[in-house]
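Please consider the following structure together with its sequence. The explanation below is meant to be read with both in view.

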Amino acid sequence: VKFVGTGGEVAVEVSGGGWATMPIGGPGGIGGASKLRFFLDFPGGASRNDVTLPAGRVYFSGVVFEDADAASLRPNEKVIDGPGGISLLTEGSLTLKKNGPINLYGTLGDTNLILG
């Protein structure tokens, strides 16, 4: 993955990931809406300006539509067109899983930092 930082273009190592979709509102949903969830593993972390992602797995979530024209979007919601005729809602969420000595490294349950 590459982005432009204050020192120019920065390459961030991604060592793997995975994804899944789940229909919203029953089979097909409105406009074929599905929740899109995926994760990427950043073994070295990443930082840009004042934002830093620690090394580890970062979880993302959003909404994808098979037919955005049939979807019930709010006035301020926007989609971007993707491959194969699908559309992706421009807003989503980001979650970091952080386990350490306070929760016995996940033994007492995961600590999730929800950033958006």
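The paragraphs that follow go from the confidence of the model to the chain as a whole and then to two residues.

This is a predicted model, in which local features need pLDDT of at least 70 and side-chain atom pairs count only at pLDDT 80 or more, while totals for chains, interfaces and linings use all residues. Residues are numbered from 1 along each chain as its sequence is written, and side-chain values use heavy atoms, with hydrogens and water left out. The predictor's confidence in each residue is expressed as pLDDT, from 0 to 100. For the chain, the mean pLDDT is 81, and 91% of the residues reach 70 or more. Where pLDDT is low, the predicted coordinates should not be read in detail.

The chain contains zero helices and eleven strands. Here helices (H or I, at least four residues) and strands (E, at least two) are DSSP runs, numbered from the N terminus. The C-alpha trace spans about 45 × 40 × 25 Å along its principal axes. The radius of gyration of the chain is 17 Å, whereas a compact globule of 116 residues would have one near 13 Å; the radius is taken over C-alpha atoms, and the globule rule is 2.2 Å times the number of residues to the power 0.38.

Of the 116 residues, 23% are buried, a term that means under 20% relative accessible area, against over 50% for exposed and the range in between for partly exposed (1.4 Å probe, protein chains only). The accessible surface, computed by the Shrake-Rupley method with a 1.4 Å probe, comes to about 8000 Å², and carbon and sulfur atoms account for 56% of that surface. A contact means heavy atoms within 4.5 Å. Among contacts between residues at least 6 apart in sequence, 38% join residues at least 24 apart.

Two residues illustrate how separate parts of the sequence come together. S34 lies in strand 4 (residues 34-42), and F65 lies in strand 7 (residues 56-65). They are 31 residues apart in sequence, and their C-alpha atoms are 6.4 Å apart in space. Why is S34 classed as buried? S34 is buried because its relative accessible area is 13%. F65 likewise counts as buried because its relative accessibility is 6%. Leaving aside residues up to four places away in sequence, S34 touches T21, M22, P23, I24, G62, V63 and V64.
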